[in-house]
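Here are my notes on this model, as numbered points. Have the structure open beside you as you read.

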Amino acid sequence: PDLASFVKDMPKLELHLHIEGTLEPEMKFRLAKRNNITLPEPDVEAIYKSYGAIHDLQSFLTIFYAGQDVLRQRQDFYDLCYAYLQRASRENVVYVEMSFDPQAHVARGVAFADVVNGLGRAQDDARRDFGIESALIMCFERERSEQSAMEMLHAALPFRNRIIGVGLDSNETNNPPIKFQDVFRKARAEGFRLTMHCDIDQLDTHEHIRQAIDVIKVDRIDHGGNVLERPDLVRRARAHDLTFTVCPVASGWLRKEHAQPVSVVRGMIDAGLKASINSDDPAYMHNNYTIGSTMQAVGDAHLTKADLIALSRNSIMGAWTSDPVRDRQI
Ligand code: ADE
Ligand code: ZN
């Protein structure tokens, strides 16, 4: 088959997907109305247009957090998650490990349980309706305090059946992994798997990657492309059998390189690292791209079908799902 139908038919996994980053302008507009919130933009078209201001991580985060303000009730989290899983299943995604950021929601008055139960009910219904499996990763916002992260970890303990791992995201500048050393140590002890963002070209990125591997002892790294500039880190990542969840379209979008940079993926394959392809925040970039269009774009940029299969295998092997789910779905 041609590359497009090959990618379309391939069973796919998502390991790096922020559920708040799947909030499409149409739903944002609808939820704002439902919750009596006045958006700065008068219509859906204007919301799309406002995303043109995204040019780096912080400009994205500002728009991303403002957009989340419409998520106020358990039903909003349900609607968001169900709609995403429905779209994902339509393009043959069979399994998703989706991140959520509870701190911003709790800060605006949403109960932690409403966030997790809203998402969780949608996961259950999507499994029933579309056969798609999913699990949650709770991300800490790294510009907030370690104490705040620790409070979230405690809040998550009763939801261990739904939350399989913890991550670290948001603004990386001056917020190194070791700031959260105790939280991640406790999370590990409580049975959570560990990942964290080491976004492309951030300040001190090599040191952050080193800390993630050697101090925090993560199971995966989200992005992490700068590892390729340091042979010692490449060796460490290989020794730890790390999976990198790379997001070629999103990373390109944040850097205003609207062509998809394939070099990180190619470089990781050639360096013997386990790269996987993911979509990150599809509703905010490139007019709602998908994991399928991401894989196709990466494939078009001179990756072979064999490469795409190897990348998918890395997603399967890097996933944190329990064995029964793995056996049934993959
Ligand atoms: N929060 C949501 N998406 C993110 C990303 N790509 N990097 C850092 N923090 C995020
Ligand atoms: Zn991310």
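Is Asp280 buried or exposed? Asp280 is buried, at a relative accessible area of 5%; buried means under 20%, exposed over 50% and partly exposed in between, with a 1.4 Å probe and protein chains only.

1. First, the ground rules. This is a predicted model, in which local features need pLDDT of at least 70 and side-chain atom pairs count only at pLDDT 80 or more, while totals for chains, interfaces and linings use all residues. Residues are numbered from 1 along each chain as its sequence is written, chains are lettered from A and ligands numbered from 1 in the order in which they are written, and side-chain values use heavy atoms, with hydrogens and water left out.

2. Now the metal. His16 (NE2), His18 (NE2), His197 (NE2) and Asp280 (OD) coordinate the zinc ion (ligand 2) at 2.0 to 2.3 Å. Donors here are N, O and S atoms within 2.8 Å of the metal (3.2 Å for Na, K and Ca), and water is not among the atoms, so sites may look incomplete. Along the chain, the donor spacing reads H-x1-H-x178-H-x82-D. His16 sits in strand 1 (residues 12–18) and Asp280 in the loop between strand 8 (274–277) and helix 14 (291–300), so this pair ties together parts 264 residues apart in sequence. Helices (H or I, at least four residues) and strands (E, at least two) are DSSP runs, numbered from the N terminus. Like Asp280, His16 is buried, with a relative accessible area of 1%.

3. A word on the geometry: the angles among the 4 donor atoms of the zinc ion (ligand 2) run from 82 to 175°, and the site is irregular. Four donors count as tetrahedral if all angles lie between 85 and 135 degrees; four count as square planar and six as octahedral if opposite donors are over 155 degrees apart and all others between 65 and 115; anything else is irregular.

4. Among the residues around it are His18, His197, Asp199, Asp280 and Asp281, where "around" asks for a heavy atom within 4 Å. A nitrogen atom of ligand 1 is 2.9 Å from a side-chain N or O atom of Asp199. For Asp280 the corresponding value is 2.9 Å, and for Asp281 it is 2.8 Å.

5. On packing, the largest nonpolar core has 100 residues, and Phe140, Ile163 and Tyr284 have the most contacts inside it. Such a core is a set of buried Ala, Val, Leu, Ile, Met, Phe, Trp, Tyr and Cys residues joined through side-chain atoms within 4.5 Å. Helix 5 (residues 74–90) gives the most to this core, with 9 residues. A second, separate core of 9 residues includes Leu15, Tyr95, Ala135 and Ile164.

6. Two polar side chains are worth checking. Glu24, in the loop between strand 1 and helix 2 (25–34), counts as buried at 18% relative accessibility. Its side chain makes a polar contact of 3.4 Å with the side chain of Arg87. A polar contact is a pair of N or O atoms within 3.5 Å; within protein, one must be able to donate a hydrogen and the other to accept it, and residues adjacent in sequence count only if both atoms are side-chain atoms. Gln211, in helix 10 (residues 205–216), counts as buried at 5%, and a polar contact of 2.9 Å joins its side chain to that of Glu207.
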